[in-house]
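Q: I am new to this structure. Please show me how to read its main features.

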Amino acid sequence: MSVSSIPSAQEIVRFAPEIALSLGGTFVMLGEAGLKNGSRARLAVMAFLTLLAAAVLAVFVAADPGTAFSNLLVVDGFSTFFRVLVCAAGMLVVLISTNYLRVEGHDSGEYYALILFSVAGQCLMAASNELIMLFIGLECSSIASYVLAGYLRDDRRNNEAALKYFLLGSFASAFFLYGVAWLWGALGTTNLSEVRRLLLDPSAGVDATMTAAAAALLLVGLAFKVSAAPFQMWAPDVYQGAPAPVAAFLSVGPKAAAFAMFLRILMTAFVPARGQWEPVLWTVALATMVIGNFAALHQTNVKRLLAYSSIAHAGYILVALTAMSDTGAAAAMFYLAAYTFMNIGAFAVVTYVAGRGERHVELMDFSGLSRRSPAMAAVLSIFLLSLTGVPLTAGFFGKFYIFKAALDADLVWLAVLGLLNSAVAAYYYLRIIVMMYMHEPSAGAGALPSPGVGIRWALAASVAGTFVLGVAPSLVLDFATASAPLLR
Amino acid sequence: MTETVFFYCFAALAVAGAILTVTMRNAVHCAISLIASLGGVAGLYLMLHAEFLFAVQIVLYIGGIMVLFLFVIMLVNLEAAARERQFHRSWVGGLLCAGGTGAMLAWFWLRGAGTLRLPPAVQPTPREGGNVESLAMVLFRDYLVPFELASLLLLVAIVGGVMMAKKRI
């Protein structure tokens with residue numbers, strides 16, 4: 001362990017994005033107390049700038065990669081990738097939240113402060129190399145998410161979502177922590193690189209049974225956080241009940257960070273035990289895809305449909321994890337980047353169409369959207385086509401790399417079943433497009449107000465991201481491919 | 001020998017208290033069972049020569065947190081809660097699941113008995129200043145950063161708690 005107790009300046013610089021986010025969150029809270037009601041809009045700007053600063057800092061500190069705080073934290077290409085990704089997701093969510101909160105009459109600084117704290121936790125999850133640090137990051141991110149899910153505290157659906165998410169989420173966190181305790185008991189360390197060293201060292205006398213039990217407990221916690229089957233039940237209820245921008249946030253930010261954590265635990269610590277992990281991950285990935293896609297077929301509520309679709313997408317990413325290879329890790333990273341843009345974009349349109357009190361979230365409310373708001377119908381179609389995996393969009397290359405990684409790892413059946421699943425998914429995505437373009441607007445559906453500035457920018461950025469990743473995937477994929485081997 | 005007897009007494013207290021905590025109908029009884037369970041864990045700490053943890057367990061958990069629990073229990077309407085059907089009504093299913101998992105674990109345990117090499121029990125090494133000092137070394141030197149980050153976690157929890165509880169902030 002450490003020789004000196006005082007961290008060097010270099011180590012503190014490597015921790016800069018998290019410091020910036022925590023400070024920004026605190027200042028936003030103080031601003032809420034200090035500013036007059038009229039100037040609340042500034043808090044959103046402040047939160048946005050903090051996230052931007054954190055992303056820039058994350059890129060800046062990546063110039064000098066290495067570990068910090070006696071190997072508790074590691075700054076490498078992988079952590080930089082996910083730090084920037086969760087900050088970008090946070091920025092997009094801040095953009096789509098501004099107008100929503102004003103319309104609902106709940107504009108307050110705490111909302112943005114919690115988003116910042118949650119993103120700080122997610123950055124920590126991406127950069128930790130130690131299970132205790134990972135757990136603290138996970139809890140920071142999760143507790144902020146529980147509160148955000150129940151942000152409109154007088155709304156019954158919000159209450160239900162928050163309570164369910166809180167009870168089930170803390171249960172899952174406890175499983176994870178119990179796994180950490182078992183791993184400590186079996187190996188005497190919680191550092192992931194140390195765990196790997198001990199597992200590879202035949203003379204270390206590692207107790208396989210206890211380590212397996214610890215790994216199983218860790219898997220339960222992780223599978224819950226990425227909403228993988230059989231721990232996916234919370235996702236539809238929470239996404240449906242939570243405010244739409246929060247549902248957008250939950251489906252990308254915490255999920256991307258949880259996958260980062262999953263990848264790091266899997267690739268750094270448990271690669272020596274890949275034979276034991278593969279059948280479990282294989283089953284979980286297939287079950288997640290099948291449950292997500294087939295349950296989504298019957299949904300009439302668009303938020304709930306997107307929740308099941310996000311479960312299915314977690315299944316695709318798990319296919320990449322099952323490969324347990326560098327190409328698999330890179331494919332998962334690329335997919336998460338693509339998914340961030342297309343899913344936040346889809347939720348942004350849903351936020352806009354839902355209107356005050358989120359009254360218009362049924363599938364019927366989207367019928368004839370092309371007449372009421374042609375631009376919105378067009379961008380939603382782009383996002384849905386990308387989620388389906390149509391060429392020229394980010395979703396196509398995302399799926400392509402994942403199934404290629406699966407084939408490279410001789411997971412032929414999993415790749416075939418995954419492809420069949422994405423064909424099933426096309427049905428429910430295209431159904432929304434058909435609704436928008438080939439049905440008349442329902443009687444009484446008035447004209448939609450013009451979208452706010454924030455939503456416009458968020459949609460523009462998401463459309464740009466979806467197309468850029470779909471036309472020039474190498475921009476992101478090269479970086480992911482270069483940083484995936486650093487996990488080992 | 002005496003140590004083994006004490007270990008089983010404390011362990012039984014901890015487990016029995018935990019089971020009663022989730023099965024008792026009256027919330028006050030649940031809280032008292034939880035105190036018993038925490039007391040059993042405190043005894044285990046003492047047997048491991050972790051005197052500081054023992055004291056913290058008694059003062060903070062049994063003394064502080066449980067009193068807060070009891071306060072909250074007294075503030076809510078107990079009669080209404082007791083009359084409602086409890087969530088452990090599906091206890092047959094729960095028992096089956098727990099028993100099944102236990103049997104499965106036992107089976108794997110026996111099957112893997114050959115590979116089961118529990119590390120030898122670590123004898124507590126009394127450092128200078130004893131347990132308190134070694135704990136301080138770990139907490140404030142090796143794990144100082146996670147320790148400080150826990151304060152961020154608490155801040156998030158406090159902000160969240162106030163937001164959920166207050167009507168007007």
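This is a predicted model: local features need pLDDT of at least 70, side-chain atom pairs count only at pLDDT 80 or more; totals for chains, interfaces and linings use all residues.

A: Residues are numbered from 1 along each chain as its sequence is written, with chains lettered from A and ligands numbered from 1 in the order in which they are written.

Q: What does the secondary structure of chain A come to?
A: Helices (H or I, at least four residues) and strands (E, at least two) are DSSP runs, numbered from the N terminus. Chain A has 20 helices and two strands.

Q: How does the radius of gyration of chain A agree with that of a compact globule?
A: The radius is taken over C-alpha atoms, and the globule rule is 2.2 Å times the number of residues to the power 0.38. For 488 residues a compact globule would come near 23 Å, and the 22 Å of chain A agrees. The C-alpha trace of chain A spans about 75 × 55 × 40 Å along its principal axes.

Q: How many residues of H9(A) are buried?
A: A residue is buried if 20 or more other C-beta atoms lie within 10 Å of its own, exposed if 12 or fewer, and partly exposed in between, with C-beta atoms placed from the backbone. In H9(A), 13 of the 18 residues are buried, so this helix is largely enclosed by the rest of the structure. Across chain A, buried residues make up 60% of the 488. After H9(A) comes A:Ser227, with a positive phi near 55 degrees.

Q: Which residues have the most contacts inside the largest nonpolar core?
A: A nonpolar core is a set of buried Ala, Val, Leu, Ile, Met, Phe, Trp, Tyr and Cys residues joined through C-beta atoms within 7 Å. The largest has 207 residues, and A:Ala47, A:Ala332 and A:Tyr335 have the most contacts inside it. Helix H14 (residues 326-354) of chain A gives this core its largest share, 22 residues. Another core, of five residues, lies apart from it and includes B:Leu34 and B:Val41.

Q: How many residues does each chain bring to the contact between chain A and chain B?
A: Two residues are in contact if their C-beta atoms, placed from the backbone, lie within 7 Å. Chain A brings 28 residues and chain B 24. On the chain A side, H6(A) gives the most, with nine residues.
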